[in-house]
Amino acid sequence: MKNKSLVIITFLFLLFTAIACEKILPPAPADEDVLAGTIPGLTAQQEKEHLIGDAAFAKIFTAAEGLGPIFVQNSCSNCHVGNGKGHPSTVVTRYAHVNGSKVDYLLSKGGPQLQQKSIDGYLAESLPSEVNVFTKRLAPAIMGLGYIAALHDQSILANADSLDLNGDGISGRPNYVGPTSFFIAQDIHIAINGHYIGRFGKKAEKVMIQDQVVFALKQDIGITSDFDMEDLYNYELGVYAGDNIADPEASASFVNSLVFYMRTLKAPPRRNESDADVMAGEKVFTQIGCASCHVSTFTTSESDIAALSNQTFHPYSDFLLHDMGVSLDDKYPEGSANSNEWRTPPLWGIGLAEASQGGLFLLHDGRATSFETVIALHGGEAASRRAAFLALSEAEKAQLIKFLKSL
Amino acid sequence: MRYLLLSIILFFPALMKAQDSTLIKRVPQDTSRLIMNSDVMYNRPFLIIGKSPIAIGGYLEANTQYMGTDGVTDGFSFQFRRFTLFFSSTISKRIKFLSELEFEEGTKEINLEFAAMDLELHPFLNFRGGVIMNPIGAFNQNHDGPRWDFIDRPLSATTILPSTLSNVGFGVHGKYFAHNLSLAYELYLTNGFDANIIDNTDNRTSLAAGKSNPEKFEESNSGLPMTTGKVALKHRKYGEIGLSAMLGVYNKWKLDGVVIDKQRSVSAYAFDFSTTIANQTTITGEIAVVEVDLPSGSAPQYGAQQWGCFVDLVQPLYKGSVLNFEKSKINACFRFEYADYNVGTFTETSGAIGDDILTIVPGFSFRPSGQTVLRLNYRYHWQHDLLLNPPALTSGLQFGFSTYF
């Protein structure tokens, strides 16, 4: 009888356990609180491709797989943790020798980017002696890039006003850059003298996501690909003193998986949109002229991914270059972008930055740890907006910051 | 090799079945002396067949689990974690041989974890040579599944210290008995780790990643021996404590006689303890620290220092007959464990580096006999990433068994 009871109790316990399984798992964070997930409307096959890209993004490269021999990080996900903005420990350093208007990126010395890490037994790179200018760049968040990639150039040009003809003090201009060897122009691109509008990168120096992926694989991780077969070397050791791993170290399909992953990441979600302070903050944002550059709304063109076609999205950027003044002048020109010019950074996802980058590290180099500091450093075309912000009441400032945190 | 091993596995049960069962005898375990962690390898439930000079034993572990992280689960899994075979023989009165062969996750990993000869020169001086288990911590040598009330091995013993860690080497060990006390020591020189400990897909400093070197049974990557030593003291009433250290060089600093790098050290230190309170509650634990001399070009996720610990509490709830198992036991158990894979702060921000995990594991175990345990565990993890972002939460149920045979 005693044994029978024990069997019944055990059976009931296991049955309860099985039923309770779903309840014992930790709950998923709210969709609006994470920088992960796909754009709405993907097919099952596309979702699967996204997951393949996700795995590629998280792949840890080792020396045996071609890492380096010099590098900044060993994985995409180590800089873009949780798809968010980077941490100061993973900033990249770009360098050059600038002499007046002449800029030498010291390609023959290992430029334009410093790889301060190295595989075991190899010498990490240090700044060449000729360097007189260098700049630090924090990794950007990668959410919603597919929407930006699907914009028609005309949508970007619609906000350009390089001569400030409307007299609002803002003179955004597109950065026309020479295309990479693997660039294939699409209907959305408008060429001028063989150059195309850059829309990615701190200075809008990349036309396509693929450009950035190939560049980062090589310059950040030291991984050659079908699109760029030349390995990195420490020029102090000599050219071809490399990692002895056959090139390319990443296939075209690997690169394409990364690109697909980034194209299909959802736009950063909004939170507390209907909160009274948030709504008031958005009004202040517009009233003091922030929205002149941080344009809230765009609509995509036709895309090969149906879910990206004709979609309205809210990046809070115009993807144009602006003179940001002395405080943000990093003395490092890039392409046609002057050293004091920066592409308006999209503000979407900024409210989730703190929970993905281990603190709040803002601006291109992560030097600012509060929204107030960032705004106070705005100069050049944005000087009048900074002044307007500083003139706000404390309550209005708080509303504005609350709005930014809702993005 | 794989087919040979499978033949052995298939052959022995067939042989045993063909024999009169009285020919298969269990080797009586030595209970007259204080058994310490370093003794458990020889103090297992071996079987001998007839007059065969070889005793055989082993254990297997399997479980099912339903785990999820931040609301995402891949559903149920059934896991055949390991199947281990022991072979031992007493070559002469003072010469013994023991081997341990482990199959993990089916035949995904086949490891020769121990294959060594022991030559007794004096009770306090024994020579051991072959593939030996480095005596770092207690779990590394005392890791048989049926001895533990938890399905997962302790994190600090497997991801800070790389249990089961074995290497080719020689050394000495011995024991001294006085009344209720025994003092044991072990000191070995073995092959060491390689640079995989700081270049691996674990994305962190990992001694466990340094075990995968296929050349480790032939050469020490650094060309220098790794030293592992342990001193342990046991009192019949109060339990056992152990202090151990493992010191070596992991990088290839010399190639073809040319010095190409500085010698970079790897060291591990451990303190272990076990005690039984009022002949009832057992408390077992281990604290481990690992230090690695990193090259200046290392990525920040590879930490120069790691540490971890675990404490297991096992409280018998019932002893007696259950389902006609005469000497069965039902235990409540609880494990607390923590591992910090990257101790320190970021140079750039002075902020603390994350990459740590805290786990609690309450559970029950049912031991129908001394050699078999059924376990039901509930695990809950809080795991921080490198940047110390809000932790990922993982939890789930595990049910499984482990048994000697």
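This report describes the chain fold and the aromatic contacts of a predicted model.

## Overall form of chain A

Chain A contains 11 helices and 12 strands. Its radius of gyration is 24 Å, close to the 22 Å that the globule rule gives for 407 residues, so chain A is as compact as a globular protein of that length. Along its principal axes, the C-alpha trace of chain A spans about 95 × 60 × 40 Å.

The domain assignment divides chain A into domain 1, covering residues 2–33, and domain 2, covering residues 44–406. The centres of these two domains of chain A, taken over C-alpha atoms, are separated by 47 Å.

## Burial, contacts and surface of chain A

Of the 407 residues in chain A, 54% are buried. When contacts in chain A with a separation of 6 or more are considered, 69% of them come from residues 24 or more positions apart.

## Aromatic pairs in chain B

Over all chains, a search of the whole structure finds 30 aromatic pairs. One of them joins B:Tyr59 and B:Tyr404, whose ring centres are 6.0 Å apart and whose planes meet at 80°, so the pair is edge-to-face; an angle over 60 degrees is what places a pair in that class. B:Tyr59 belongs to strand β3 (residues 54–69) of chain B and B:Tyr404 to strand β20 (residues 392–404) of chain B, so the pair ties together parts that are 345 residues apart in sequence. B:Tyr59 counts as buried because its relative accessibility is 0%, and B:Tyr404, with a relative accessible area of 8%, is buried as well.

Another pair is formed by B:Phe127 and B:Phe170, with ring centres 5.7 Å apart and planes at 50°, so this pair is tilted. It links distant parts of the chain, 43 residues apart, with B:Phe127 in strand β7 (residues 125–133) of chain B and B:Phe170 in strand β8 (residues 166–178) of chain B. B:Phe127 is partly exposed, with a relative accessible area of 26%, whereas B:Phe170 counts as exposed at 53% relative accessibility.

## An aromatic cluster and charges over rings

In chain A, one aromatic cluster is formed by A:Tyr147, A:Phe298, A:Phe313, A:Phe319 and A:Trp348. Charged side chains also lie over aromatic rings: A:Lys397 lies over the face of A:Phe389, at 5.5 Å from the ring centre, and B:Arg44 lies over the face of B:Phe86, at 3.8 Å from the ring centre.

Definitions and conventions: Residues numbered from 1 in each chain as written. Chains lettered and ligands numbered in written order. Predicted model: local features only at pLDDT ≥ 70, side-chain atom pairs only at ≥ 80, totals over all residues. Heavy atoms only, no water. Domains from an automatic or database assignment. Phe/Tyr/Trp six-rings, centres within 6.5 Å; stacked < 30°, edge-to-face > 60°. Helix = DSSP H or I, 4+ residues; strand = E, 2+ residues; numbered from the N terminus. Buried < 20%, exposed > 50% of the residue type's maximum accessible area, 1.4 Å probe, protein only. Lys NZ or Arg CZ within 6 Å of the ring centre and 35° of its normal. Rg over C-alpha atoms; globule rule 2.2 N^0.38 Å. Contact = heavy atoms within 4.5 Å.
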